[in-house]
Amino acid sequence: MSIFAAYVDPKIVQVDNLNYDTLATIYFQRTTVIISELVLFWALQRMLVAMGNRPLQKIINWSLMLNPGLLMVDNMHFQYNGFLYGILVHSLVDAKQASSFSSEITSTRFGKLLRSGILFAALLNFKHIYLYIAPSYFAFLLRAYCFENSGNSIRARSWISAFRPLNFVALGVSVIAIFAASLGPFVAMDQLPQLAGRLFPFKRGLTHSYWAANFWALYSFADRIMIVLVSKTPLGQYFNLALDESALSATTRGLVGDTAFGVLPTVTAQHTLILTVLLQIPSLISVFRKPTFDRFIGSVVLSAFASFLAGWHVHEKAILLCTVTMSVAIANQVGASPNSGVNAGAFSTSDQKGSSALTPRDVRAFMIVSLAGYIGLWPLFFTRPETPIKVLITAIWFVVVGSGLDQCIPKQPKSNDTLLSSKSMLRYFSLLERLYVFGCIPVQIYVNIVHEAVFGQDRLAFLPLMMTSVYAAVGVVYGWLLYSATYFSSSKALDKKKTR
């Protein structure tokens with residue numbers, strides 16, 4: 001892009017030319033973002049065919065193309081995430097198509113799996129955030145591509161005979177070649193330490209300046225509550241709790257640096273790594289034992305969640321990895337739903353029969369995580385003209401996609417709930433879930449109107465950000481728990497069915 005940018009305006013590529021915002025610069029940025037997102041559009045067209053090409057799946061496709069997170073981050077902000085997620089969807093579609101071929105068509109199936117791995121390796125070198133889901137790809141490709149009979153469990157005594165060394169070598173050489181092409185110039189110029197230091201900034205602290213909606217937002221919030229209780233009440237002396245005075249403004253100053261806690265124990269990078277790995281292991285075992293596409297895409301979603309929720313210095317935008325992969329998982333389930341249409345695609349026959357149909361819990365998890373995640377991005381767009389735009393695109397997306405998914409759920413007996421009609425998209429939501437959904441309204445009224453009217457612009461400036469982060473974190477964690485319960489319960493049920 002910099003090569004083309006230099007022809008548009010040479011000053012664009014001057015690294016010390018900060019805040020340069022000429023019309024030529026803006027037009028170049030916006031145009032290249034839109035053009036690059038054609039990769040995502042192409043990938044979604046392939047996904048539509050691979051997942052069954054059912055009428056309501058078009059809603060899922062457009063919900064990804066017009067994803068509020070991508071619209072905000074790529075087009076209101078300026079990044080190329082749509083292009084990158086296009087590569088990811090291409091890779092996932094190849095994995096889906098590979099699982100749809102019968103075991104006899106080994107050359108075609110293995111070719112799809114190899115291409116899926118190559119695309120992901122290229123994606124990983126475009127942006128290292130996709131390391132979050134690399135363990136799921138490793139477990140799936142190792143088992144599905146490097147071993148025979150990958151659709152069934154392999155007994156211990158047959159591991160050696162089932163191993164396909166040529167496939168293992170082909171996958172390994174392909175991945176190594178991509179990394180060599182990407183990182184080779186940095187090695188040749190002795191820039192690898194500089195690159196590693198920028199890619200893995202462990203000195204930046206546990207939380208981002210705007211708390212991402214994860215475990216550590218809730219942990220930091222709990223610490224702020226405990227600081228007040230310890231300093232203002234006798235609880236500190238009663239429970240013998242010490243207060244670190246240096247931490248009183250450490251997690252609310254909006255700066256990048258080491259995060260200190262006033263009462264709760266300090267969290268290190270090693271702690272976050274251990275917790276992330278522990279959260280990922282169960283789904284990795286599941287997909288390695290039986291590498292179906294259902295288990296693979298579910299493992300990808302859960303690996304993204306584990307890294308987002310427990311990772312070190314996670315950015316708010318990382319929630320897109322959770323919502324985009326959940327969208328692909330939902331599209332796969334819509335293809336298996338009896339209510340979603342009648343037109344089956346070319347690759348939907350075999351694997352779609354083994355896919356679990358969409359359930360109310362799937363929709364609740366997806367919609368709550370999406371709403372919470374997109375609201376968690378709102379503080380990045382803080383000017384007044386941006387406020388109605390970010391609110392409207394999120395609200396419209398929630399209503400349209402939620403209503404469409406509602407049509408894919410098998411009909412349930414009428415609810416006795418008099419507050420919502422049987423046709424409401426929220427009829428499957430519990431009372432607490434509905435309160436959470438509608439609770440975003442008073443939260444945002446306070447954040448955007450009440451706080452400044454009461455405290456002004458400078459006093460307690462971090463409070464609105466903290467409220468948004470904590471509200472969003474509650475929804476993301478809750479949605480993750482719902483999705484995890486569905487994934488592991490369906491995997492367990494499938495194992496029992498196969499055993500019988």
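## Helix α7 and its neighbours

The buried residues of helix α7 pack against α3 (38-50), α6, α8 and α10 (165-188). Buried means under 20% relative accessible area, exposed means over 50%, and partly exposed lies in between (1.4 Å probe, protein chains only). Helices here are DSSP runs (H or I, at least four residues), numbered from the N terminus. Contact means heavy atoms within 4.5 Å.

Helix α7 covers residues 106-126, 21 residues in total, and reaches 30 Å from its first C-alpha to its last. That is close to the 30 Å expected at 1.5 Å a residue, where the expected span is 1.5 Å times one less than the number of residues. Its buried residues are R109, F110, K112, L113, L114, S116, G117, F120, A121, L123 and L124.

## Basis of the model

This is a predicted model, in which local features need pLDDT of at least 70 and side-chain atom pairs count only at pLDDT 80 or more, while totals for chains, interfaces and linings use all residues. Residues are numbered from 1 along each chain as its sequence is written, and side-chain values use heavy atoms, with hydrogens and water left out.

## Helix α8

Helix α8 (residues 134-146) has 13 residues and spans 17 Å between its first and last C-alpha, close to the expected 18 Å. This helix is mostly covered, with eleven of its 13 residues buried. Among them are Y137, F140, R143 and C146.

## Helices α6 and α15

Helix α6 (residues 81-100) packs with helix α15 (residues 293-310) at an angle of about 160 degrees, and their axes are 10 Å apart. Axes are lines fitted to C-alpha atoms, for helices over the stretch in contact, and angles run from 0 to 180 degrees between N-to-C directions. The two helices are therefore roughly antiparallel to each other, a term for angles over 145 degrees.

On the α6 side the contact is made by L92, A95, K96 and S99, and on the α15 side by F293, F296 and I297. By class, this contact has five nonpolar residues, one polar and one charged. Ala, Val, Leu, Ile, Met, Phe, Trp, Tyr, Cys and Pro count as nonpolar, Asp, Glu, Lys and Arg as charged, and the others, Gly among them, as polar.

## Cysteines and M467

With a disulfide taken as a pair of cysteine sulfur atoms within 2.5 Å, the count is zero. C146 is buried at a relative accessible area of 1%, and C322 is buried at 0%.

M467 lies in helix α21 (residues 463-499) and is partly exposed, with a relative accessible area of 27%. M467 and G376 are 91 residues apart in sequence and 10.0 Å apart in space, C-alpha to C-alpha.

How values were computed: Parallel < 35°, antiparallel > 145°, perpendicular 65-115°, else oblique.
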